[in-house]
Each structure stands twice: as C-alpha cells, then as structure tokens.
Amino acid sequence: MGSENGTPKKSDPKIVRAAAGYVLEDVPHVTDYIKGLPTYPNPLQDNPAYSVVKQYFVNEDDTVACQIVVHKASPRGTHFRRAGPRQKVYFESDEVHACIVTCGGLCPGLNTVIREIVCGLYHMYGVTRILGIEGGYKGFYARNTIPLTPKSVNDIHKRGGTVLSTSRGGHDTSKIVDSIQDRGINQVYIIGGDGTQKGASVIFEEIQRRGLKVAVAGIPKTIDNDIAVIDKSFGFDTAVEEAQRAINAAHVEAESVENGIGVVKLMGRYSGFIAMYATLASRDVDCCLIPESPFYLEGKGGLLEFVEKRLKESGHMVIVVAEGAGQELMAESIRTMHNEDASGNKLLLDVGLWLSQKIKEHLTKKQKVLNLKYIDPTYMIRAVPSNASDNVYSTLLAHSAIHGAMAGYTGFTVGPVNGRHAYIPFHRITETQNKVVITDRMWARLLSSTNQPSFLSQVDVEDAKKEEPPAQFLQGDDKKRCSEESVSNNCSKLSSSSSQKSTGQKSA
C-alpha cells in the first residue's frame, strides 16, 4: 500500500457495478488491508433504548442514490453506502480508544457534534475512553488532550464555538499518525470543512500504509454550505436564521431615513447559499449579490443604476452581499488574489466596505441625499449556538459516524444524500465545491422576490443553459459525476464573461 519514499499512496476508489447501470462508490473498510479480523455482536441489540425499534440494523446491501430524479429508461446511477448500525462490529467496547478533533473556522453546532459523539459512543456502545484533541490538527503533537465523558460535555451544546478549540493548518501527517499510534487511539473523528477532510484523507492513507486498525471518520463542517454531494452542512440553518437579525436591522435603519440604504455582508467565500436563503427568508432585501452571479457597477443595467431606480421608487433599499462576491471588480484584488490563509483559503477584500464606498461616491456625484449603514455580522453569526434544527441534524451526523466506525468502515465522511444519511468516500467531497446554480429555479425565485436584474446578458444565460448537461451517472468506464461539477465550471465561465463586459463598459 505504501510508496517507495514512505509517503502515503492514494488508494484506488472502491467501485462496485451491477445490472441496469447501478454503481456503488463504496468506502474503505479495515478488512481491506488487515485480513482475518474478528467480529462481535453489536451491543445495540441489548440496549433498552432500542428495544422498541422494529429493525435494529441496516441491511448490508442498502445504498443511497445520488440522483433521485430520473427517467424510466435511465440507468440506476451512482449510489453510496447507507449509514447506520450494523449487526456485527469490528471493535469491542473495551477495546475502543477514540479521539475527536475540530479544525478550521467556527460554526454553529460544533459543540453539539462533539457532545453527541461522546454520548453516542458511551450510551450506545459502552465506550469509556474518549479524548478531545485541543487546537486542531497541530493538537495531536503540540497540545494537551482532555478526557471527554458524558458528564463533562453535558451542557456544551448550549454554547457557541468549540470546547476543544480549533486552528487552521498545522497538518503534519507523520506526526499526527505517530501520535495516534503512540496513544493507542483506534477511532478518529475529524470535524471540519473540505480542507480538513482532505487532511483526514491523507491521515487515513498513512494509517492504511502502516497497517493500523484505526477507523477515520469525517464529519463535514462548513457554515457556507459548500460541501459537495451532501444535502447541506450543519450550522447552515442557524446561520440563515441569525442573518435575519442583521437584515432586519438594516431594513429598519434604511426605511427610517431619506434615501436610506442598508448593506449587509454575509458569509460565502465561494458559494452564496447563506446570502440567497437569508434573502428569500427575509422578503426585505432589494438586491442580493453572490460569487456565482457576477455583477457590474456602471453603465446601463449595472448595479448603480438599479440602486438609483430603487431609491426613486421606494425611498430606501437593502443590499445583501456574500463576502466572495465582486472580488474581480476591486482593483486591489490584483495584488491579493493569490494570498491564502493557513487553511489554503483565498484572502478576500471587504466587498461590503468597497461597495458602500462606490455607492456613496456615485450618489454624491449625482448630488443626492444618502444615508448608508453597513452591517457585518459575520463573527456574531458563526459564534452562536446551533438552533433546534441544527441540533437534531448534528446528532444524526454524530451517530452515523459512530455506527460507521464501529462497523469497521474508515476513510469516509458522513452526510445526508437526498434525505438519507450515507457514507461517502473522502475524495468525493473534496474534489469539487457545492455552488449556487444561477440557471436553477431557486435563483430565479430570488430574482423574482427582489426584482433585481440578473446582471447577465441573455447570451450569457443561454450559453450556460446549453453547456449544462442533464443529470449524469457513473456508467461503464465513463466516470461521470453528479451535475454539480459541470455547473461550477459554467459559473466560472459566466464570471469571466461578466468581468470582461464590465471592463469594456468602463472603458467605453
């Protein structure tokens, strides 16, 4: 399994094909590289809490379809292994020594996931040895660990942030796996975004190379909801709900003065889901700007013209802008476009401040009265505890991860696919990002709600529709993915086209 220089060698995907175009993208199992491991009865069958459950265990052949809208002649397409408890487990309760680590930025629900992993292991499987790794990946080799028990984590879901603390970067595969091996850890639960899951994948590869009986399970975390394949990420519902407070404040400020404008910047480095859903939920937003839908300021049909028009009609307006929107329009971005933080994320300029300044300059030239208020609730939103919906969702994610690890699955992340929780290979959620599809009906609903222009020419929209393929499936040797990847490419082309159009109009 290892390469000649001792670095982890990426294992080949586990692909299982069957009749009628059925394809299973399976996840690794500890028995793939350690033969002859014993199995044990699942303790859940003796758990009083589960005595009323009609079917204790998930059928081994149960899978979850990647595409659920198909034609009668369509192949069955790509599937993932269904999450849930198995009849046989590969770890005895007394044998398990688990650890939990949180990496990257804060997100509502982190403490809930931590709590439910600890309580789930303890109450469902009788596991008593659970460690918390402090400070992200570097905590494996540079920080202390803390023992976690149901008592110590009982109330942490009521707090924002993470009780384990977090950090970006610090990934040293050899040191991390050395620490796992030295401490006798055999279940690793890693909570983080796509960068963190890439790191988890490398850790799994090294563990496999060394032949260790260690299950590595990922719980995907991103407040932006940009994790591919899964329906949504935990913390997203809370973020949308909290964003309403900022939008409502901006609306109150704007409508209380002459020519009032409220500008609200929300999270969304590459994907504008929070901005889009918060706008749809609010009904008070006049314009929503996201990274996937490029816009231009000046000229006919531009943003500044729309601002003037809306102020003339209503006397006030609210603009919601995702943090990653409009970056290509800012002249300073030429010098900072390729700067990155420790996690590899592009460092962004403050589009909210820049946009506010541009609007002020434009209306000042027109000698118009303007009262503009700029609100940036970013850190207030991500630091709050999760709401009821995210608390339940985080519980399901944690329990699904536990069931998978106890059943011997490894090298996977967990999440709902079309409403059913599934085990997904690491590479499937790290190879692309989930983005708003601006040729989709949801974006059309937003445009209808705000009555804003799309800022795209008809030619751009028609080209996107032509290039966007129908639902795709893995079939034969042609490994086609679900349609999100091609959509992302189309959005990038639209962004480039709009940027060129904006430059042309300015020079004109």
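**Cores, a lysine and a parallel sheet**

The largest nonpolar core has 111 residues, and Ile100, Tyr189 and Ile219 are the ones that touch the most other members. Helix H1 (residues 110-125) gives this core its largest share, nine residues. Apart from it there's another core, with 25 residues, including Leu289, Ala325, Val351 and Leu372. Keep in mind that you're looking at a predicted model.

**Around isoleucine 100**
- Setting aside neighbours within four places in sequence, isoleucine 100 is in contact with Ile114, Ile117, Val118, Ile130, Leu131, Gly132, Ile133, Leu148, Leu164, Tyr189 and Ile191.

**Lysine 213**
- You'll find lysine 213 in the loop between helix H4 (194-210) and strand E11 (215-220).
- Its side chain makes a polar contact with the side chain of glutamate 95 at 2.9 Å, and the lysine 213 side chain also reaches the backbone oxygen of tyrosine 90 at 2.7 Å.
- Not counting residues up to four places away in sequence, lysine 213 touches Ile34, Leu37, Tyr90, Phe91, Glu95 and Asn186.

**The four-stranded sheet**
- Four strands make up an open sheet with parallel pairing, in the order E13-E14-E12-E15.
- Strand E13 (287-289) and strand E15 (371-375) sit at the edges with a single partner strand each, so one side of each has no neighbour in the sheet.
- From one strand to the next, the twist averages 15 degrees.
- Strand E12 (residues 260-266) and strand E14 (residues 316-322) run parallel and are joined by seven bridges.
- Lysine 265 stands opposite valine 321 in E14.

Note on methods. Residues are numbered from 1 along each chain as its sequence is written. This is a predicted model: local features need pLDDT of at least 70, side-chain atom pairs count only at pLDDT 80 or more; totals for chains, interfaces and linings use all residues. Side-chain values use heavy atoms; hydrogens and water are left out. A nonpolar core is a set of buried Ala, Val, Leu, Ile, Met, Phe, Trp, Tyr and Cys residues joined through side-chain atoms within 4.5 Å. Buried means under 20% relative accessible area, exposed over 50%, partly exposed in between (1.4 Å probe, protein chains only). Helices (H or I, at least four residues) and strands (E, at least two) are DSSP runs, numbered from the N terminus. Contact means heavy atoms within 4.5 Å. A polar contact is a pair of N or O atoms within 3.5 Å; within protein, one must be able to donate a hydrogen and the other to accept it, and residues adjacent in sequence count only if both atoms are side-chain atoms. Two strands pair if DSSP finds at least two bridges between them. Axes are lines fitted to C-alpha atoms, for helices over the stretch in contact, and angles run from 0 to 180 degrees between N-to-C directions.
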